[in-house]
Amino acid sequence: MKFVTCPSLGRRALSEFTFGGRVEKETDQEAVSEREWAEYVFYHNGAPKTQQEWWYHRPTGIWFLFQRNTLTDSITQVDFANKGLTNDA
Amino acid sequence: MPLRLLKYAWKKSEDEPRFFPEEKPLKTSYDVVIIGGGGHGMACAYYLAKEHGITNVAVLEQGYIGGGNTGRNTTIVRSNYLTSEGVKFYDESLKLFEDLSTDFDLNIFYSTRGHFTLAHTDSAMRTMRWRAEVNKHHGIDSEVVDVDTIQKEVPYMDMSCNGQHPVMGALYHAPGSVARHDAVAWGYARGAQMRGVEIHQKTKVSDIKTKSGKVVGVQTDRGFIEANSVVSMVAGSTPRITEMLEIETPIEIFPLQACVTEPVKPFMDTIVVSGSLHVYVSQSSRGELVMGASVDPAELHSTRSTLDFVEGLTDQMMDLFPFTSRLKIMRQWAGMSDITPDFAPIMGKTDVDGFYLDAGWGTWGFKATPISGKTMAYTVANDRPHELIKPFSLDRYANFELVGEKGAASVGH
Ligand SMILES: Cc1cc2nc3c(=O)[nH]c(=O)nc-3n(C[C@H](O)[C@H](O)[C@H](O)COP(=O)(O)OP(=O)(O)OC[C@H]3O[C@@H](n4cnc5c(N)ncnc54)[C@H](O)[C@@H]3O)c2cc1C
(Lines give C-alpha, C1' and ligand atoms only; values in the text may rest on other atoms or scores of the structure.)
Protein backbone atom coordinates (compact mmCIF):
# COMPACT_ATOMS: atom_id res chain seq x y z
CA MET A 1 0.00 0.00 0.00
CA LYS A 2 1.18 3.49 -0.82
CA PHE A 3 1.34 6.18 1.86
CA VAL A 4 1.59 9.94 1.77
CA THR A 5 2.56 12.35 4.52
CA CYS A 6 0.28 15.35 4.80
CA PRO A 7 0.48 18.55 6.82
CA SER A 8 -1.74 18.00 9.88
CA LEU A 9 -2.97 14.50 8.91
CA GLY A 10 0.40 12.80 9.09
CA ARG A 11 1.02 9.52 7.27
CA ARG A 12 -2.12 8.37 5.46
CA ALA A 13 -2.89 5.58 2.96
CA LEU A 14 -3.16 7.00 -0.54
CA SER A 15 -6.32 4.94 -0.96
CA GLU A 16 -8.08 7.43 1.35
CA PHE A 17 -7.64 10.07 -1.36
CA THR A 18 -9.39 10.62 -4.67
CA PHE A 19 -7.40 11.92 -7.64
CA GLY A 20 -8.84 15.16 -9.00
CA GLY A 21 -6.65 15.70 -12.06
CA ARG A 22 -3.78 18.07 -12.75
CA VAL A 23 -3.85 21.71 -11.72
CA GLU A 24 -4.13 24.02 -14.68
CA LYS A 25 -4.55 27.73 -14.90
CA GLU A 26 -8.08 28.31 -16.15
CA THR A 27 -8.27 30.65 -19.10
CA ASP A 28 -10.81 33.44 -19.05
CA GLN A 29 -13.77 31.83 -20.76
CA GLU A 30 -15.28 35.16 -21.79
CA ALA A 31 -12.11 36.52 -23.33
CA VAL A 32 -10.66 33.58 -25.27
CA SER A 33 -11.66 32.17 -28.65
CA GLU A 34 -13.42 28.79 -28.95
CA ARG A 35 -10.17 27.25 -30.17
CA GLU A 36 -8.26 28.56 -27.15
CA TRP A 37 -10.99 27.27 -24.86
CA ALA A 38 -10.74 23.80 -26.49
CA GLU A 39 -6.96 23.95 -26.07
CA TYR A 40 -7.46 24.57 -22.37
CA VAL A 41 -10.14 21.92 -21.89
CA PHE A 42 -8.69 19.10 -24.01
CA TYR A 43 -5.21 19.44 -25.43
CA HIS A 44 -2.03 19.04 -23.41
CA ASN A 45 1.34 17.34 -23.37
CA GLY A 46 0.63 14.09 -21.54
CA ALA A 47 4.24 12.84 -21.44
CA PRO A 48 5.69 11.79 -18.07
CA LYS A 49 6.56 14.75 -15.82
CA THR A 50 6.29 16.19 -12.34
CA GLN A 51 3.01 18.04 -12.07
CA GLN A 52 0.75 19.64 -9.50
CA GLU A 53 -2.46 17.71 -8.87
CA TRP A 54 -5.72 17.95 -6.96
CA TRP A 55 -6.26 15.20 -4.37
CA TYR A 56 -9.34 14.96 -2.12
CA HIS A 57 -9.08 13.36 1.31
CA ARG A 58 -12.45 11.64 1.66
CA PRO A 59 -12.56 11.10 5.45
CA THR A 60 -11.94 14.78 6.26
CA GLY A 61 -13.30 16.39 3.10
CA ILE A 62 -10.11 18.41 2.58
CA TRP A 63 -8.62 19.17 -0.84
CA PHE A 64 -4.83 18.95 -1.16
CA LEU A 65 -2.33 19.82 -3.86
CA PHE A 66 0.34 17.19 -4.49
CA GLN A 67 3.51 17.50 -6.55
CA ARG A 68 3.71 14.09 -8.15
CA ASN A 69 5.87 12.54 -10.82
CA THR A 70 3.72 10.61 -13.31
CA LEU A 71 6.57 8.25 -14.25
CA THR A 72 7.88 7.25 -10.82
CA ASP A 73 4.71 7.97 -8.80
CA SER A 74 6.79 9.76 -6.17
CA ILE A 75 5.02 12.54 -4.30
CA THR A 76 7.45 15.32 -3.44
CA GLN A 77 5.22 18.00 -1.94
CA VAL A 78 1.84 18.13 -0.23
CA ASP A 79 -0.03 21.37 0.48
CA PHE A 80 -3.52 22.38 1.48
CA ALA A 81 -5.38 23.48 -1.65
CA ASN A 82 -6.97 26.24 0.41
CA LYS A 83 -3.88 28.30 1.19
CA GLY A 84 -5.31 29.84 4.40
CA LEU A 85 -5.81 26.39 5.98
CA THR A 86 -3.32 25.25 8.57
CA ASN A 87 -4.42 22.64 11.03
CA ASP A 88 -8.15 22.11 11.23
CA ALA A 89 -8.08 18.45 10.16
CA MET B 1 -2.42 -31.51 -37.49
CA PRO B 2 -2.18 -34.45 -35.01
CA LEU B 3 -0.83 -36.65 -37.83
CA ARG B 4 1.78 -34.05 -38.68
CA LEU B 5 2.74 -33.86 -35.04
CA LEU B 6 3.11 -37.64 -34.85
CA LYS B 7 5.30 -37.72 -37.94
CA TYR B 8 7.41 -34.96 -36.48
CA ALA B 9 7.88 -36.91 -33.27
CA TRP B 10 9.41 -39.82 -35.20
CA LYS B 11 11.69 -37.70 -37.31
CA LYS B 12 15.41 -37.62 -36.56
CA SER B 13 16.10 -34.01 -37.60
CA GLU B 14 14.44 -30.79 -36.44
CA ASP B 15 13.92 -29.25 -39.83
CA GLU B 16 10.63 -27.48 -39.05
CA PRO B 17 10.49 -24.06 -40.70
CA ARG B 18 10.95 -21.04 -38.40
CA PHE B 19 7.70 -19.27 -37.54
CA PHE B 20 9.19 -15.88 -38.34
CA PRO B 21 11.78 -15.58 -41.10
CA GLU B 22 15.29 -14.47 -40.05
CA GLU B 23 15.46 -10.71 -39.29
CA LYS B 24 17.01 -8.69 -42.15
CA PRO B 25 19.67 -6.03 -41.53
CA LEU B 26 18.20 -2.60 -40.72
CA LYS B 27 18.30 -0.30 -43.75
CA THR B 28 18.79 3.47 -43.60
CA SER B 29 15.64 4.32 -45.51
CA TYR B 30 12.05 3.04 -45.92
CA ASP B 31 8.88 4.36 -47.52
CA VAL B 32 6.94 3.83 -44.31
CA VAL B 33 8.14 3.45 -40.73
CA ILE B 34 5.63 2.13 -38.22
CA ILE B 35 6.52 2.81 -34.58
CA GLY B 36 5.23 0.02 -32.32
CA GLY B 37 5.12 -3.73 -32.92
CA GLY B 38 1.85 -4.47 -31.17
CA GLY B 39 -1.22 -5.85 -32.90
CA HIS B 40 -2.06 -2.50 -34.47
CA GLY B 41 1.42 -1.92 -35.92
CA MET B 42 1.57 -5.44 -37.32
CA ALA B 43 -1.93 -5.24 -38.78
CA CYS B 44 -1.16 -1.91 -40.45
CA ALA B 45 2.04 -3.36 -41.99
CA TYR B 46 0.11 -6.43 -43.16
CA TYR B 47 -2.62 -4.45 -44.92
CA LEU B 48 -0.13 -1.96 -46.39
CA ALA B 49 1.60 -4.88 -48.09
CA LYS B 50 -1.44 -7.01 -48.86
CA GLU B 51 -3.96 -4.39 -50.01
CA HIS B 52 -1.80 -1.50 -51.19
CA GLY B 53 1.36 -3.20 -52.46
CA ILE B 54 3.51 -1.04 -50.15
CA THR B 55 6.24 -3.36 -48.88
CA ASN B 56 9.26 -1.09 -48.27
CA VAL B 57 8.05 -0.84 -44.68
CA ALA B 58 9.79 -1.24 -41.32
CA VAL B 59 8.01 -1.86 -38.04
CA LEU B 60 10.24 -0.64 -35.19
CA GLU B 61 9.56 -2.17 -31.78
CA GLN B 62 11.49 -1.14 -28.68
CA GLY B 63 10.86 -4.50 -26.96
CA TYR B 64 9.42 -7.63 -28.52
CA ILE B 65 6.42 -8.31 -30.78
CA GLY B 66 3.16 -7.99 -28.86
CA GLY B 67 4.88 -7.19 -25.55
CA GLY B 68 2.82 -4.03 -24.96
CA ASN B 69 -0.92 -3.90 -24.31
CA THR B 70 -1.50 -6.49 -27.04
CA GLY B 71 0.01 -9.20 -24.84
CA ARG B 72 -1.55 -7.85 -21.65
CA ASN B 73 -5.21 -7.50 -22.52
CA THR B 74 -8.18 -9.66 -21.60
CA THR B 75 -9.11 -10.12 -25.28
CA ILE B 76 -12.78 -9.24 -25.28
CA VAL B 77 -14.07 -8.64 -28.80
CA ARG B 78 -17.53 -7.11 -29.25
CA SER B 79 -19.36 -4.39 -31.18
CA ASN B 80 -22.28 -3.40 -28.92
CA TYR B 81 -21.09 0.19 -28.50
CA LEU B 82 -23.16 3.28 -27.85
CA THR B 83 -22.49 5.62 -30.78
CA SER B 84 -23.21 4.93 -34.46
CA GLU B 85 -19.59 5.78 -35.30
CA GLY B 86 -18.31 3.23 -32.78
CA VAL B 87 -20.77 0.47 -33.66
CA LYS B 88 -20.00 0.65 -37.39
CA PHE B 89 -16.24 0.67 -36.80
CA TYR B 90 -16.06 -2.17 -34.28
CA ASP B 91 -18.51 -4.30 -36.25
CA GLU B 92 -16.18 -4.26 -39.26
CA SER B 93 -13.42 -5.41 -36.94
CA LEU B 94 -15.51 -8.31 -35.67
CA LYS B 95 -16.13 -9.45 -39.23
CA LEU B 96 -12.39 -9.41 -39.96
CA PHE B 97 -11.66 -11.31 -36.72
CA GLU B 98 -13.95 -14.15 -37.76
CA ASP B 99 -11.76 -14.94 -40.80
CA LEU B 100 -8.33 -14.27 -39.32
CA SER B 101 -7.40 -17.89 -38.52
CA THR B 102 -7.96 -18.80 -42.17
CA ASP B 103 -6.21 -15.67 -43.46
CA PHE B 104 -3.14 -16.41 -41.33
CA ASP B 105 -3.25 -20.22 -41.50
CA LEU B 106 -2.77 -19.96 -37.77
CA ASN B 107 -5.28 -20.71 -35.04
CA ILE B 108 -6.05 -17.51 -33.13
CA PHE B 109 -8.47 -19.44 -30.87
CA TYR B 110 -11.32 -17.10 -31.75
CA SER B 111 -14.09 -18.26 -29.46
CA THR B 112 -17.60 -16.79 -29.61
CA ARG B 113 -19.01 -16.81 -26.09
CA GLY B 114 -21.89 -14.38 -25.75
CA HIS B 115 -21.37 -11.25 -23.67
CA PHE B 116 -23.53 -10.05 -20.75
CA THR B 117 -23.27 -6.50 -19.43
CA LEU B 118 -25.13 -6.62 -16.13
CA ALA B 119 -27.26 -3.76 -14.88
CA HIS B 120 -27.82 -3.32 -11.14
CA THR B 121 -29.64 0.03 -11.23
CA ASP B 122 -32.46 1.71 -13.12
CA SER B 123 -30.07 4.11 -14.80
CA ALA B 124 -27.84 1.23 -15.94
CA MET B 125 -30.95 -0.50 -17.39
CA ARG B 126 -31.72 2.70 -19.26
CA THR B 127 -28.23 2.76 -20.82
CA MET B 128 -28.60 -0.92 -21.81
CA ARG B 129 -31.89 -0.22 -23.59
CA TRP B 130 -30.34 2.75 -25.34
CA ARG B 131 -27.37 0.66 -26.48
CA ALA B 132 -29.62 -2.18 -27.65
CA GLU B 133 -31.63 0.25 -29.81
CA VAL B 134 -28.52 1.82 -31.38
CA ASN B 135 -27.07 -1.66 -31.97
CA LYS B 136 -30.22 -3.06 -33.58
CA HIS B 137 -30.45 -0.02 -35.83
CA HIS B 138 -27.07 -1.06 -37.24
CA GLY B 139 -28.00 -4.73 -37.54
CA ILE B 140 -25.96 -5.82 -34.51
CA ASP B 141 -27.16 -8.81 -32.51
CA SER B 142 -27.84 -7.09 -29.18
CA GLU B 143 -30.78 -7.19 -26.78
CA VAL B 144 -31.84 -6.49 -23.21
CA VAL B 145 -32.50 -9.71 -21.31
CA ASP B 146 -34.20 -10.40 -17.97
CA VAL B 147 -32.88 -11.97 -14.80
CA ASP B 148 -34.20 -15.48 -15.57
CA THR B 149 -32.39 -15.58 -18.91
CA ILE B 150 -29.12 -14.55 -17.28
CA GLN B 151 -29.48 -17.06 -14.47
CA LYS B 152 -30.08 -19.85 -16.97
CA GLU B 153 -26.91 -19.01 -18.91
CA VAL B 154 -24.74 -18.30 -15.87
CA PRO B 155 -26.09 -20.65 -13.17
CA TYR B 156 -23.22 -20.09 -10.73
CA MET B 157 -23.81 -16.38 -10.43
CA ASP B 158 -25.48 -14.95 -7.32
CA MET B 159 -28.12 -12.73 -8.90
CA SER B 160 -28.65 -10.87 -5.64
CA CYS B 161 -24.91 -10.08 -5.42
CA ASN B 162 -24.87 -11.03 -1.76
CA GLY B 163 -27.99 -8.91 -1.28
CA GLN B 164 -25.93 -5.80 -1.97
CA HIS B 165 -26.77 -4.84 -5.54
CA PRO B 166 -29.25 -7.29 -7.15
CA VAL B 167 -28.94 -7.79 -10.91
CA MET B 168 -31.93 -6.23 -12.69
CA GLY B 169 -31.18 -7.35 -16.23
CA ALA B 170 -28.41 -7.23 -18.80
CA LEU B 171 -27.45 -6.23 -22.29
CA TYR B 172 -26.74 -9.47 -24.16
CA HIS B 173 -24.50 -9.54 -27.22
CA ALA B 174 -24.30 -13.03 -28.76
CA PRO B 175 -21.24 -12.31 -31.00
CA GLY B 176 -19.08 -11.29 -28.00
CA SER B 177 -15.84 -13.30 -28.22
CA VAL B 178 -12.36 -13.87 -26.87
CA ALA B 179 -9.21 -14.72 -28.85
CA ARG B 180 -5.56 -15.51 -28.29
CA HIS B 181 -3.94 -12.06 -28.25
CA ASP B 182 -0.36 -13.16 -29.04
CA ALA B 183 -1.50 -15.17 -32.03
CA VAL B 184 -3.21 -12.11 -33.51
CA ALA B 185 0.03 -10.10 -33.36
CA TRP B 186 2.10 -13.06 -34.58
CA GLY B 187 -0.27 -13.86 -37.45
CA TYR B 188 -0.20 -10.28 -38.72
CA ALA B 189 3.58 -10.08 -38.21
CA ARG B 190 4.29 -13.25 -40.14
CA GLY B 191 1.83 -12.32 -42.90
CA ALA B 192 3.49 -8.90 -43.24
CA GLN B 193 7.00 -10.40 -43.29
CA MET B 194 6.04 -12.95 -45.93
CA ARG B 195 5.04 -10.01 -48.12
CA GLY B 196 8.36 -8.20 -47.65
CA VAL B 197 7.82 -6.00 -44.59
CA GLU B 198 10.72 -5.85 -42.10
CA ILE B 199 10.18 -6.09 -38.37
CA HIS B 200 12.96 -4.84 -36.12
CA GLN B 201 12.63 -5.67 -32.45
CA LYS B 202 14.73 -4.03 -29.72
CA THR B 203 14.77 -0.86 -31.83
CA LYS B 204 13.56 2.24 -30.01
CA VAL B 205 12.52 5.49 -31.67
CA SER B 206 13.92 8.43 -29.71
CA ASP B 207 13.02 11.32 -32.01
CA ILE B 208 11.11 12.18 -35.17
CA LYS B 209 12.74 14.62 -37.58
CA THR B 210 10.88 17.07 -39.81
CA LYS B 211 11.83 19.53 -42.52
CA SER B 212 9.49 22.44 -43.30
CA GLY B 213 6.57 20.77 -41.59
CA LYS B 214 7.13 17.40 -43.22
CA VAL B 215 8.42 14.15 -41.71
CA VAL B 216 11.84 13.09 -43.01
CA GLY B 217 12.72 10.21 -40.70
CA VAL B 218 13.19 8.84 -37.20
CA GLN B 219 16.14 8.72 -34.85
CA THR B 220 16.58 5.30 -33.21
CA ASP B 221 19.07 3.69 -30.86
CA ARG B 222 20.40 1.97 -33.98
CA GLY B 223 20.87 5.13 -36.02
CA PHE B 224 18.83 7.51 -38.19
CA ILE B 225 16.26 6.08 -40.59
CA GLU B 226 14.78 8.09 -43.44
CA ALA B 227 11.06 7.75 -44.10
CA ASN B 228 8.38 9.68 -45.98
CA SER B 229 5.63 8.42 -43.73
CA VAL B 230 5.78 7.65 -40.02
CA VAL B 231 2.87 5.98 -38.27
CA SER B 232 2.70 6.01 -34.47
CA MET B 233 0.92 2.92 -33.08
CA VAL B 234 2.27 2.86 -29.55
CA ALA B 235 -0.86 2.93 -27.34
CA GLY B 236 0.42 3.71 -23.81
CA SER B 237 3.55 5.46 -25.10
CA THR B 238 1.68 7.88 -27.36
CA PRO B 239 2.34 11.08 -25.34
CA ARG B 240 6.08 10.38 -25.45
CA ILE B 241 5.94 10.14 -29.26
CA THR B 242 3.65 13.14 -29.85
CA GLU B 243 5.90 15.21 -27.56
CA MET B 244 8.71 14.72 -30.12
CA LEU B 245 6.63 16.72 -32.63
CA GLU B 246 5.08 19.08 -30.08
CA ILE B 247 1.65 17.72 -30.96
CA GLU B 248 -0.80 18.08 -28.07
CA THR B 249 -3.58 15.54 -27.52
CA PRO B 250 -6.19 14.89 -24.82
CA ILE B 251 -4.61 11.51 -24.03
CA GLU B 252 -3.81 10.65 -20.41
CA ILE B 253 -2.08 7.44 -19.37
CA PHE B 254 -3.62 5.30 -16.64
CA PRO B 255 -2.48 1.79 -15.66
CA LEU B 256 -5.03 -0.93 -16.35
CA GLN B 257 -4.61 -4.15 -14.41
CA ALA B 258 -5.85 -7.71 -14.81
CA CYS B 259 -5.29 -11.09 -13.18
CA VAL B 260 -6.05 -14.80 -13.58
CA THR B 261 -7.00 -17.50 -11.09
CA GLU B 262 -5.73 -21.04 -11.00
CA PRO B 263 -7.41 -23.21 -13.66
CA VAL B 264 -10.71 -24.89 -12.82
CA LYS B 265 -13.08 -27.14 -14.78
CA PRO B 266 -15.01 -25.33 -17.50
CA PHE B 267 -18.19 -23.94 -15.93
CA MET B 268 -18.75 -20.62 -17.64
CA ASP B 269 -18.73 -20.15 -21.40
CA THR B 270 -20.00 -16.56 -21.43
CA ILE B 271 -18.29 -13.24 -20.74
CA VAL B 272 -19.77 -11.35 -17.77
CA VAL B 273 -19.25 -7.63 -17.23
CA SER B 274 -20.64 -5.49 -14.45
CA GLY B 275 -20.28 -1.77 -15.00
CA SER B 276 -21.64 -0.92 -11.57
CA LEU B 277 -19.27 -3.29 -9.74
CA HIS B 278 -16.39 -2.32 -12.05
CA VAL B 279 -15.42 -5.92 -12.81
CA TYR B 280 -15.55 -8.41 -15.67
CA VAL B 281 -14.69 -12.08 -16.07
CA SER B 282 -14.39 -14.85 -18.63
CA GLN B 283 -12.98 -18.37 -18.44
CA SER B 284 -9.98 -19.05 -20.65
CA SER B 285 -9.50 -22.19 -22.73
CA ARG B 286 -7.08 -23.35 -20.01
CA GLY B 287 -9.77 -22.96 -17.34
CA GLU B 288 -8.38 -19.86 -15.64
CA LEU B 289 -10.77 -17.06 -14.75
CA VAL B 290 -9.51 -13.95 -16.53
CA MET B 291 -10.59 -10.94 -14.51
CA GLY B 292 -10.25 -7.21 -14.80
CA ALA B 293 -11.63 -3.89 -13.64
CA SER B 294 -11.52 -0.22 -14.59
CA VAL B 295 -8.30 1.78 -14.78
CA ASP B 296 -6.23 2.70 -11.72
CA PRO B 297 -7.32 5.81 -9.82
CA ALA B 298 -4.57 8.18 -11.00
CA GLU B 299 -2.52 9.03 -14.08
CA LEU B 300 0.73 7.01 -14.23
CA HIS B 301 3.16 5.89 -16.95
CA SER B 302 3.95 2.50 -15.45
CA THR B 303 3.14 -1.20 -15.69
CA ARG B 304 3.50 -1.88 -11.97
CA SER B 305 0.69 -3.87 -10.36
CA THR B 306 -0.85 -3.34 -6.93
CA LEU B 307 -2.49 -5.22 -4.07
CA ASP B 308 -5.20 -2.54 -3.91
CA PHE B 309 -6.36 -3.71 -7.33
CA VAL B 310 -6.68 -7.41 -6.41
CA GLU B 311 -8.37 -6.56 -3.11
CA GLY B 312 -10.93 -4.32 -4.78
CA LEU B 313 -11.59 -6.74 -7.61
CA THR B 314 -11.93 -9.91 -5.54
CA ASP B 315 -14.23 -8.13 -3.10
CA GLN B 316 -16.71 -7.48 -5.92
CA MET B 317 -16.08 -10.79 -7.65
CA MET B 318 -17.03 -12.75 -4.53
CA ASP B 319 -20.38 -10.96 -4.44
CA LEU B 320 -21.05 -12.10 -8.02
CA PHE B 321 -19.51 -15.59 -7.79
CA PRO B 322 -19.31 -16.56 -4.09
CA PHE B 323 -17.36 -19.78 -4.78
CA THR B 324 -14.41 -17.78 -6.15
CA SER B 325 -13.41 -17.16 -2.51
CA ARG B 326 -11.78 -20.61 -2.71
CA LEU B 327 -9.69 -19.80 -5.79
CA LYS B 328 -6.10 -18.59 -5.80
CA ILE B 329 -4.89 -15.71 -7.92
CA MET B 330 -2.05 -17.02 -10.08
CA ARG B 331 -0.78 -13.95 -11.91
CA GLN B 332 -1.49 -10.24 -12.07
CA TRP B 333 -0.11 -7.60 -14.40
CA ALA B 334 -0.75 -4.14 -15.83
CA GLY B 335 -0.63 -2.28 -19.11
CA MET B 336 -0.60 1.45 -19.85
CA SER B 337 -3.92 2.66 -21.20
CA ASP B 338 -4.07 5.74 -23.40
CA ILE B 339 -7.39 7.19 -22.27
CA THR B 340 -9.34 9.87 -24.18
CA PRO B 341 -12.06 12.09 -22.68
CA ASP B 342 -14.78 10.50 -24.86
CA PHE B 343 -13.50 6.90 -24.67
CA ALA B 344 -13.11 6.77 -28.47
CA PRO B 345 -9.81 6.46 -30.39
CA ILE B 346 -7.77 9.13 -32.16
CA MET B 347 -6.89 8.10 -35.71
CA GLY B 348 -5.68 9.60 -38.94
CA LYS B 349 -3.56 12.45 -40.27
CA THR B 350 -2.02 15.19 -38.14
CA ASP B 351 -0.80 18.75 -38.69
CA VAL B 352 2.65 17.34 -39.47
CA ASP B 353 2.76 16.16 -43.08
CA GLY B 354 3.55 12.45 -43.28
CA PHE B 355 2.93 11.76 -39.58
CA TYR B 356 -0.07 9.56 -38.83
CA LEU B 357 -1.52 8.77 -35.44
CA ASP B 358 -3.32 5.65 -34.23
CA ALA B 359 -3.90 6.05 -30.50
CA GLY B 360 -6.42 6.56 -27.74
CA TRP B 361 -7.02 2.82 -27.52
CA GLY B 362 -7.34 2.92 -23.76
CA THR B 363 -8.92 -0.20 -22.38
CA TRP B 364 -10.78 -1.13 -25.58
CA GLY B 365 -8.34 -1.40 -28.50
CA PHE B 366 -7.65 -5.11 -28.87
CA LYS B 367 -10.95 -5.70 -30.62
CA ALA B 368 -10.04 -2.92 -33.05
CA THR B 369 -6.73 -4.49 -34.12
CA PRO B 370 -7.86 -5.71 -37.58
CA ILE B 371 -9.94 -2.68 -38.55
CA SER B 372 -7.48 -0.09 -37.30
CA GLY B 373 -4.69 -1.83 -39.21
CA LYS B 374 -6.81 -1.86 -42.33
CA THR B 375 -8.11 1.71 -42.13
CA MET B 376 -4.72 3.16 -41.12
CA ALA B 377 -3.06 1.35 -44.04
CA TYR B 378 -5.63 2.95 -46.34
CA THR B 379 -5.04 6.35 -44.74
CA VAL B 380 -1.26 6.13 -45.17
CA ALA B 381 -1.44 4.72 -48.71
CA ASN B 382 -3.82 7.44 -49.90
CA ASP B 383 -2.79 10.24 -47.53
CA ARG B 384 -6.49 10.67 -46.80
CA PRO B 385 -8.51 9.29 -43.86
CA HIS B 386 -10.59 6.18 -44.46
CA GLU B 387 -14.33 6.84 -44.27
CA LEU B 388 -14.77 4.75 -41.10
CA ILE B 389 -12.19 6.73 -39.10
CA LYS B 390 -13.18 10.29 -40.09
CA PRO B 391 -15.15 10.77 -36.84
CA PHE B 392 -12.02 9.87 -34.81
CA SER B 393 -9.73 12.70 -35.99
CA LEU B 394 -7.51 14.53 -33.50
CA ASP B 395 -9.23 17.87 -34.15
CA ARG B 396 -12.69 16.62 -33.25
CA TYR B 397 -12.09 18.01 -29.75
CA ALA B 398 -11.35 21.50 -31.08
CA ASN B 399 -14.60 21.28 -33.04
CA PHE B 400 -16.46 20.01 -29.96
CA GLU B 401 -17.49 16.91 -31.94
CA LEU B 402 -16.80 14.23 -29.36
CA VAL B 403 -17.79 10.57 -29.84
CA GLY B 404 -19.13 9.76 -26.36
CA GLU B 405 -18.48 6.07 -25.72
CA LYS B 406 -18.01 6.21 -21.95
CA GLY B 407 -21.29 4.39 -21.29
CA ALA B 408 -20.09 1.43 -23.35
CA ALA B 409 -16.34 1.35 -22.81
CA SER B 410 -15.25 2.41 -19.35
CA VAL B 411 -15.47 -1.01 -17.70
CA GLY B 412 -16.59 -3.45 -20.35
CA HIS B 413 -13.47 -3.24 -22.48
C1 LIG C 1 -5.18 -5.21 -18.64
C2 LIG C 1 -5.74 -4.80 -19.97
C3 LIG C 1 -6.94 -5.37 -20.42
C4 LIG C 1 -7.47 -5.01 -21.65
N5 LIG C 1 -8.61 -5.64 -22.09
C6 LIG C 1 -9.08 -5.40 -23.33
C7 LIG C 1 -10.19 -6.15 -23.83
O8 LIG C 1 -10.73 -7.04 -23.14
N9 LIG C 1 -10.66 -5.87 -25.08
C10 LIG C 1 -10.08 -4.90 -25.86
O11 LIG C 1 -10.55 -4.67 -26.97
N12 LIG C 1 -9.00 -4.17 -25.42
C13 LIG C 1 -8.49 -4.41 -24.17
N14 LIG C 1 -7.39 -3.71 -23.72
C15 LIG C 1 -6.80 -2.65 -24.57
C16 LIG C 1 -5.87 -3.23 -25.61
O17 LIG C 1 -4.95 -4.10 -25.01
C18 LIG C 1 -5.06 -2.14 -26.33
O19 LIG C 1 -5.88 -1.04 -26.67
C20 LIG C 1 -4.43 -2.67 -27.62
O21 LIG C 1 -3.77 -3.89 -27.37
C22 LIG C 1 -3.46 -1.66 -28.20
O23 LIG C 1 -2.69 -2.30 -29.21
P24 LIG C 1 -1.50 -1.54 -29.90
O25 LIG C 1 -0.91 -2.44 -30.90
O26 LIG C 1 -1.97 -0.20 -30.35
O27 LIG C 1 -0.50 -1.22 -28.69
P28 LIG C 1 0.59 -2.14 -27.94
O29 LIG C 1 0.27 -3.58 -28.01
O30 LIG C 1 0.80 -1.53 -26.60
O31 LIG C 1 1.87 -1.93 -28.83
C32 LIG C 1 2.61 -0.74 -28.84
C33 LIG C 1 4.07 -1.11 -28.95
O34 LIG C 1 4.83 0.08 -29.17
C35 LIG C 1 6.10 -0.12 -28.60
N36 LIG C 1 6.73 1.19 -28.43
C37 LIG C 1 6.38 2.21 -27.58
N38 LIG C 1 7.21 3.24 -27.70
C39 LIG C 1 8.13 2.92 -28.66
C40 LIG C 1 9.25 3.59 -29.22
N41 LIG C 1 9.60 4.81 -28.83
N42 LIG C 1 9.96 2.93 -30.17
C43 LIG C 1 9.63 1.69 -30.58
N44 LIG C 1 8.58 1.00 -30.08
C45 LIG C 1 7.83 1.61 -29.13
C46 LIG C 1 5.79 -0.84 -27.30
O47 LIG C 1 6.91 -1.55 -26.83
C48 LIG C 1 4.63 -1.76 -27.69
O49 LIG C 1 5.02 -3.07 -27.98
C50 LIG C 1 -6.83 -4.03 -22.46
C51 LIG C 1 -5.64 -3.44 -22.02
C52 LIG C 1 -5.08 -3.83 -20.79
C53 LIG C 1 -3.79 -3.20 -20.35
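β13(B) supplies the largest share of the shell around the ligand, 3 residues; strands here are DSSP runs of E with at least two residues and helices are runs of H or I with at least four, numbered from the N terminus. This is a predicted model, in which local features need pLDDT of at least 70, side-chain atom pairs count only at pLDDT 80 or more, and totals for chains, interfaces and linings use all residues. Residues are numbered from 1 along each chain as its sequence is written, chains are lettered from A and ligands numbered from 1 in the order written, and side-chain values use heavy atoms, without hydrogens and water.

Of the 38 residues around the ligand, B:E61, B:N69, B:T70, B:T74 and B:K367 come nearest; a residue is near if one of its heavy atoms lies within 4 Å. Polar contacts, pairs of N or O atoms within 3.5 Å, can be followed atom by atom. A polar side-chain atom of B:T70 is 2.5 Å from a ligand oxygen atom. The protein covers 97% of the 1,000 Å² of accessible area that the ligand has on its own (Shrake-Rupley method, 1.4 Å probe).

The other place is B:I389, in the loop between α9 (369-382) and α10 (406-409) of chain B. B:I389 counts as buried because its relative accessibility is 1%, buried meaning under 20% (1.4 Å probe, protein chains only). Leaving out residues up to four places away in sequence, B:I389 touches B:F89, B:M347, B:G348, B:T375, B:M376 and B:T379, with contact meaning heavy atoms within 4.5 Å.

Methods. Buried means under 20% relative accessible area, exposed over 50%, partly exposed in between (1.4 Å probe, protein chains only). A polar contact is a pair of N or O atoms within 3.5 Å; within protein, one must be able to donate a hydrogen and the other to accept it, and residues adjacent in sequence count only if both atoms are side-chain atoms.
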